[in-house]
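Colleague: Before I plan around this model, I would like to hear how its labels were reached. Could you take me through them while we look at it together?

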Amino acid sequence: PPEIRDQVYLMIREALRNAISHADARHVLADVDITPHQILATIDDDGRGFDLEGAMAGGSAGLVSMHDRARLVAGRIRVQSTPGHGTRVEILVPLVAEQG
């Protein structure tokens, strides 16, 4: 559905923008897998990483908006990052088959 497509696009765009703008990464890999039941997007970078707790406590607008967008479409985001070792963002959004 367009509303899910749009929110997923914006979350992926934000994750890529963060990797390009903040991570100082040499490589960024985005993978999007769409099945009849879910969308799974993974964005990995080999950049500098960051302190996730500190970023969330500081109200990082990009991370907060990605989490808010995921909630709007009954999805979830998992961010894994370690300073000096890159970042991985996983976006999972269930797709409910339309009945009719």
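Modeller: Please keep in mind that this is a predicted model. In the lining of the largest pocket, α1 gives the most, with six residues, and α1 (2–22), β2, α3 and β4 each supply at least two.

Colleague: What makes a residue part of the lining of the largest pocket, and which residues are the closest to its centre?

Modeller: A lining residue must have an atom within 4 Å of a pocket point. The largest pocket, with about 320 Å³ of space, is lined by 18 residues, and the closest to its centre are Asn18, Ala19, His22, Phe50 and Leu63.

Colleague: How is that lining divided by class?

Modeller: It has eight nonpolar, six polar and four charged residues.

Colleague: How do you know that β1 and β2 pair?

Modeller: Pairing requires at least two bridges between two strands, and seven bridges join β1 to β2 (residues 38–45), so these strands count as paired, and they run antiparallel. Among the residues involved, Asp33 has Leu40 in β2 as its bridge partner.

Colleague: Why are β1 and β3 said to stand at the edges of the sheet?

Modeller: The open sheet has four strands in the order β1-β2-β4-β3, with antiparallel pairing. Because β1 (28–34) and β3 (76–81) each have a single partner strand, one side of each is left without a neighbour in the sheet. Neighbouring strands of this sheet are turned by 10 degrees against each other on average, direction ignored.

Colleague: Which helix lies across β3 and β4?

Modeller: Helix α3 (residues 61–72) lies across β3 and β4 (87–94), and runs at about 150 degrees to β3.

Technical notes: Residues numbered from 1 in each chain as written. Predicted model: local features only at pLDDT ≥ 70, side-chain atom pairs only at ≥ 80, totals over all residues. Heavy atoms only, no water. Axes fitted to C-alpha atoms, helices over the stretch in contact; angles between N-to-C directions. Contact = heavy atoms within 4.5 Å. 1 Å grid on protein atoms, 1.4 Å probe; cavity = no way out; pocket = protein on both sides within 12 Å on 5 of 7 lines; lining within 4 Å. Points joined across faces, edges and corners; volume = space filled by probe spheres on them. Nonpolar A, V, L, I, M, F, W, Y, C, P; charged D, E, K, R; others polar.
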